[in-house]
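The following exercises are to be worked through with the sequence and the coordinates at hand. Each task is followed by a solution in steps.

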Protein chains: 4
Amino acid sequence: MAKSQTRAAHKTGKNAREIILNAARAEFAEKGFNGARVDSIAARSGLNKQLVYYYFGSKDDLYRVTLEEAYTEIRLREKDLDLRSLPPQDAIVRLIDFSLSYLARHREFIRMLADENALGGPHVKDSDAFQRTNSPLIEMIGATLREGEAQGVFRKGIDPLDLYISIAGMTFFYFANGVTMSAIFGRDLSTPEALSVYRDHIVALTLAGLRP
Amino acid sequence: MAKSQTRAAHKTGKNAREIILNAARAEFAEKGFNGARVDSIAARSGLNKQLVYYYFGSKDDLYRVTLEEAYTEIRLREKDLDLRSLPPQDAIVRLIDFSLSYLARHREFIRMLADENALGGPHVKDSDAFQRTNSPLIEMIGATLREGEAQGVFRKGIDPLDLYISIAGMTFFYFANGVTMSAIFGRDLSTPEALSVYRDHIVALTLAGLRP
Amino acid sequence: MAKSQTRAAHKTGKNAREIILNAARAEFAEKGFNGARVDSIAARSGLNKQLVYYYFGSKDDLYRVTLEEAYTEIRLREKDLDLRSLPPQDAIVRLIDFSLSYLARHREFIRMLADENALGGPHVKDSDAFQRTNSPLIEMIGATLREGEAQGVFRKGIDPLDLYISIAGMTFFYFANGVTMSAIFGRDLSTPEALSVYRDHIVALTLAGLRP
Amino acid sequence: MAKSQTRAAHKTGKNAREIILNAARAEFAEKGFNGARVDSIAARSGLNKQLVYYYFGSKDDLYRVTLEEAYTEIRLREKDLDLRSLPPQDAIVRLIDFSLSYLARHREFIRMLADENALGGPHVKDSDAFQRTNSPLIEMIGATLREGEAQGVFRKGIDPLDLYISIAGMTFFYFANGVTMSAIFGRDLSTPEALSVYRDHIVALTLAGLRP
DNA sequence: AATGAATGAGTATTCATTCAT
DNA sequence: GATGAATGAATACTCATTCAT
């Protein structure tokens, strides 16, 4: 498989850099930064270890780039959300659903984010890209809140970043800490049904929580 | 320092096992499971590496026990919460405040939990202790919700576990992912003021969110 | 089992020293000197590790004593052979059969002897006991050969030690190197049938080989 | 010395793999599998420890390959014996002399074989190479025996493998267990004279033993 | 751009042995 | 005699990184 992937890559003109990044994302997501092996990333990519160093310089740099790419991607998706075109309450629901579905589909993003934070953020701190990829989200949420206030459906004085953090917390935590919670509370949270029930719960809680 | 710690331990009758566990908690919290070094744990404890193996058998087992102890401790504190003695809304506020202050004081718990989950829960899965340390919290929250319903201050049909997860999510995420969020949104979330503002936000959101 | 063995030992008055020696023989035979573990010997004996040191001082000394005991035992059995009471040719057959059956029953003796020799005999060299436990065998074989010569059934000039070595070689090697030989030649040498055929071969070869 | 050996190796085009194998053979022969140290093998080779793992994967695998190479070499020499070109009795003498001189010159082969068998053959069992390196010897001995029968100089019905084992036993045992035998019987068996006398003994015993 | 070979510094774990009681 | 606790010195094995081509 590795071999054919390489060949395919050569044919399609896909460059080695991108192939390595994909392999790195998978490896880092699975094992964390410290658990990941450069050898393993090379093997996953079907290329050799030295190319990893040729393109990325070090394991730390590779991790940083992988993280940046993950953030870049989610920022792109957030732009598509277009919350402003929706009635305020629908906008909040869409935001919650987007967050849940994106995280459900991108476990590797959860893993990398949790890992990076658990380690104290050493790669984020070294990166300019994070500051530059200013999220449009806070502004969009701010506009939604103002519109909701104007329409009388939301309370006044809600801080958009705090709201974002609370929504992100409720969604991220569900996936990120599902393993220990399932173990402790004896309820399987990984089923679509459990997720659907939880989604309705946080939608209701948030919408009601924003009412004047 | 190491020597005097050992001597002090001997004087106070504290046993080696406990000393090692404390050192392990600090090391694992700081570096994560893979980043932690058994050598470093031994050095922190002021004892030698072989004793770690004498008492715990392996790095994995030591991690598991450390995690179990951390859970045991939080369960003890949760029992003291005594939510039933409070009016329903006050009980929810106390729950949120407890969660925030416990996590603020026990960053090592956050780190270990995030790390364990990021790695897929390998130690939790091997442990019977987790299943046995049934949390009294969900039941307490259930009673609070029922009382709130009876008094007409809470909506019907709220699932206590879902509520717990959403509160835990909002609080845990704030601390756990603070590093990347501060970096991306350019607001320092680690100040007491920022925390206080956020606390008021989630208290308001949750209380309003529970109203009928 | 370990516990009951200890208790049994105490009841029967069997002393700890002997129990440890039995455990050591089994462990050394199974794993060789370097592969054997003092911990494992203690566990097998049902006693604790420190007693091993109390009685034997070191792993090397324990090995030496175990080897000496093994030799002492085979010397005792050799004395019972009483070759002198048999006609010369019968005596040789009895010698071969004794060697085969003793080795078949005492694989641990084979293992320890092979191991000690493979390591260059470090324990034998430190032991006075080996020199003192002068084997009666060579003298018995010498008498048998002289009697055979006198009766005209054996050639002259056969050295009893050389004969002993050749017989010991043919018998010892069969058991000692059976594993590699079975693997290489694809014939299972561990069956009673294979042993019986081989026994007849070396009896015939030796008796014919001694004829004038 | 180590350095110059490496350089010399590079100059002569000898590759690292072969250098390591030579070092391994010496170390394993001297200390046995469990007594041998990977560090020591690396030091002997003048290369570093990690290369040992790069080329061989593990200590066990290195041992297996070393053992296979030792067998491969003796098989090559056995092919040169060309017993069929000799009169039957001379062929047997040549077989005995080959066995004695090969073992005398290759003590490391004796040590490794004894060690492997004493440990129960763990490496032989994992190896396909042993089964594949079918020895030509048994067939050659078989042909010699048939020719001897035809000429009336050998008895009928002698099994070639049994004969091989008895000869191998007499020769191997002399070298393999010489240390303990010298210690017990008080005769130095390591002198050329002692060997020469023993050689004549087993030649005479075997030839006479094969007569009709 | 690409790769087989090589290495410094570590990393969890083991083990014979001793201490203190 | 007997034992739980403690330790110095290894020991097999790993891993990010670099060299040479």
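This is a predicted model: local features need pLDDT of at least 70, side-chain atom pairs count only at pLDDT 80 or more; totals for chains, interfaces and linings use all residues.

**Exercise 1. Determine how many residues of chain A and of chain B are in contact, and how much area the two chains bury between them.**

Solution. Step 1: counting residues with heavy atoms within 4.5 Å of the partner chain gives 60 residues of chain A in contact with 61 residues of chain B. Step 2: the size of an interface is often given as the accessible area lost when the parts come together. For chain A and chain B this buried area is about 4900 Å², with 65% of it on carbon and sulfur atoms. Step 3: within chain A, the residues that lose the most area to chain B are Asn117(A), Ile184(A) and Phe185(A), which together account for 13% of what that side buries.

**Exercise 2. Characterise the polar interactions between chain A and chain B, and the make-up of the side of chain A that touches chain B.**

Solution. Step 1: the salt-bridge rule finds 2 cases across this interface. In a salt bridge between Arg187(A) and Asp159(B), the N to O distance is 3.2 Å, which lies within the 4 Å cut-off. Step 2: polar contacts join 12 residue pairs between the two chains, counted with both residues at pLDDT 80 or more. Step 3: the elements of chain A that give two or more residues to this side include α2 (16-35), α5 (59-80), α12 (178-185) and α13 (192-210). The most residues come from α11(A), with 13. Step 4: by residue class, the side of chain A that touches chain B divides into 34 nonpolar, 15 polar and 11 charged residues.

**Exercise 3. Describe the chain over the "DNA-binding region" that UniProt places in chain A.**

Solution. Step 1: the unreviewed UniProt entry places this feature at residues 37-56 of chain A. Step 2: over residues 37-56 the chain is 80% helix and 0% strand. Step 3: the end C-alpha atoms of this stretch are 14 Å apart.

Methods:
Residues are numbered from 1 along each chain as its sequence is written. Chains are lettered from A and ligands numbered from 1 in the order in which they are written. Side-chain values use heavy atoms; hydrogens and water are left out. Buried area is the accessible area (1.4 Å probe) that two parts lose on being put together, summed over both. A salt bridge is a side-chain nitrogen of Lys or Arg within 4 Å of a carboxyl oxygen of Asp or Glu. A polar contact is a pair of N or O atoms within 3.5 Å; within protein, one must be able to donate a hydrogen and the other to accept it, and residues adjacent in sequence count only if both atoms are side-chain atoms. Helices (H or I, at least four residues) and strands (E, at least two) are DSSP runs, numbered from the N terminus. Ala, Val, Leu, Ile, Met, Phe, Trp, Tyr, Cys and Pro count as nonpolar, Asp, Glu, Lys and Arg as charged, and the others, Gly among them, as polar. UniProt positions are given in the numbering used here, feature names are shortened, and annotations may be inferred rather than shown by experiment.
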